[in-house]
Amino acid sequence: LSSRHIKDPTLVDFMTLEAKKQMAYFEPTDCIALLEAISRWRMFNRELVEMLHEQMVDTIDRFTARDIVSAVRVMSEIQLARGFLLSRISRLAFENLHQFEATHMVTLIYAMHRLRFLSQSNLDDCMRLLEAELATLAPSYCTQLLLVLASMDSEYDKTHAALVEKVADNLDTLNLTSMVELCWAITAKRDRESKGILAQALEAVYAQKPPRNPASLQRMLEVMTDVELEWGDLGVTVPDTWRSAAEESERLAAEKSDVSRLHATLQQLLDELRPEPGTAWQTEVLFQRNLKLGPYYVEFVDKTNGICFEIDHVGRYASNVMRHRHLNMMPPPETFGCEKLAVANLGYWKWNHASDKADQMLVLKQLLAGALAQ
C-alpha cells in the first residue's frame with residue numbers, strides 16, 4: 001500500500017498497533033518491509049522504530065545477503081544510525097562478500113557511506129571484487145560508485161576514469177539524481193580530463209526543473225560553487241531557478257540543525273570550553289551557529305580565531321570533502337580577526353563513541369587544536 005502511495009490514518013494506526021503486538025514474530029524481511037513503508041509514508045513513530053531495531057538485532061543471525069542490502073539501504077534513507085546493529089551487519093556483510101552480486105555490493109557501500117559507517121578497508125575489499133564486474137553495472141550504479149569513491153577521497157583513479165567513460169556513453173539514460181551524482185563526483189575528484197562530460201551533464205541537469213529532493217539540491221550547490229571557484233568558463237549558465245532552489249535547500253538544512261539535539265549538545269560543550277591553567281588548552285573561543293560564509297551555512301564559526309567547525313553527520317547527503325575545500329579557499333570576511341579560515345571536520349561515529357562529557361570535551365579540544373595549528 002505504501003508503494004502505491006496509499007496512506008490512510010486509520011490504516012497507519014492499525015498497522016502500528018498490530019506491529020507492536022506481533023513484533024516478537026517478525027523475521028528480518030518483515031522488519032525491513034515495515035521500515036520501507038515508514039520511509040515511504042514519511043511517518044516516524046519512535047517507539048515502533050526502536051522495537052523494529054531491537055528485533056533486527058535479535059534476529060541478526062537469520063539475515064540473508066538480500067536482507068543485509070535492504071536493511072542498510074532503508075536505514076540510510078530514514079537516517080537510522082544505530083551503531084551496534086550496523087557493526088553486526090557490517091561484519092556479516094564484509095565477511096561474506098562473495099555471496100553478493102555486483103549491484104548488491106554497490107548498494108551496500110553507497111548506503112554504508114550515507115550512514116558514515118564505511119571504512120577504507122571495507123571499501124577496498126569491495127573494490128577488489130567489483131573491478132572485474134564494472135562492465136556489468138548499469139549507469140545508475142556507476143554514478144553511485146563514483147560518488148562513494150569521490151567522497152572517500154580514494155585513490156582509484158583508473159576505476160573512476162573507466163566509470164565516467166561508461167556513464168558518458170549512456171548520459172541520455174540517466175535520471176536527474178544519477179546525473180547530479182556524476183557532476184558531484186567529477187568536481188569533487190577534480191577530474192579535469194572529464195571537463196567536456198561535466199559540461200554535458202550540467203546542461204542536461206539545468207534543462208530540467210529543480211527537484212524537491214534536498215540531496216540533489218545540496219550536491220548541486222557544491223557543484224555550482226566548485227565550477228565557479230576552480231573550473232573557469234564551462235560555457236554553461238546556471239539558471240536562476242536552480243541557484244535559488246539550491247540556496248533555499250541549504251538554508252532549510254541550517255534551520256533543521258537549529259533544532260537538532262546533536263548540535264545543541266555540541267553548542268553547550270563549546271560554550272563551556274575555556275582556557276585551563278596548567279594545560280595545553282589556552283585558547284579563548286566563542287562559536288556562533290549557522291553563520292553564512294559564501295554559499296554555505298557553516299554549523300559552528302569562531303570569528304576571532306577563524307575556525308569553521310562542522311560534524312559529518314548522517315543527515316548530510318554528501319561528505320564534507322568538497323564543501324570544506326571551498327571554505328579553505330575562501331578569504332575570511334573583514335569582520336573576522338584572522339587571515340585564513342581553519343576548517344575542522346568531526347566524524348559522526350568518532351563523536352558517537354565518546355562515552356561521557358569528559359571524552360566529548362577531549363575530542364573537541366583535539367579537533368580544534370588541529371584546526372588552530374593550520
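Which handedness does the β-α-β unit of β3, helix α15 and β4 have? I looked it up: β3, α15 (residues 321-329) and β4 make a right-handed unit. Right-handed means that, with the strands pointing away from the viewer, the path from the first strand over the helix to the second runs clockwise.

I noted the ground rules. The model is predicted, so local features need pLDDT of at least 70, side-chain atom pairs count only at pLDDT 80 or more, and totals for chains, interfaces and linings use all residues. Residues are numbered from 1 along each chain as its sequence is written, and side-chain values use heavy atoms, without hydrogens and water. Helices (H or I, at least four residues) and strands (E, at least two) are DSSP runs, numbered from the N terminus.

**Strands.** I found β3 (residues 307-312) and β4 (residues 342-347) paired in the parallel sense over six bridges. Pairing takes at least two DSSP bridges. Asp312 stands opposite Gly347 in β4.

**Helix α1.** I checked which residues are buried (under 20% relative accessible area; exposed is over 50%, partly exposed in between; 1.4 Å probe, protein chains only). Val12, Met15, Thr16 and Ala19 are buried in α1. Seen down the axis, the buried residues fall within an arc of 100 degrees, so they line one face. The arc uses directions from the helix axis to the C-beta atoms. The face turned away carries exposed Thr10, Asp13, Phe14 and Lys21.

**Thr225.** I located Thr225 in helix α12 (residues 214-231). Thr225 counts as buried because its relative accessibility is 7%. Leaving out residues up to four places away in sequence, Thr225 touches Pro295, Tyr296 and His326. Contact means heavy atoms within 4.5 Å.
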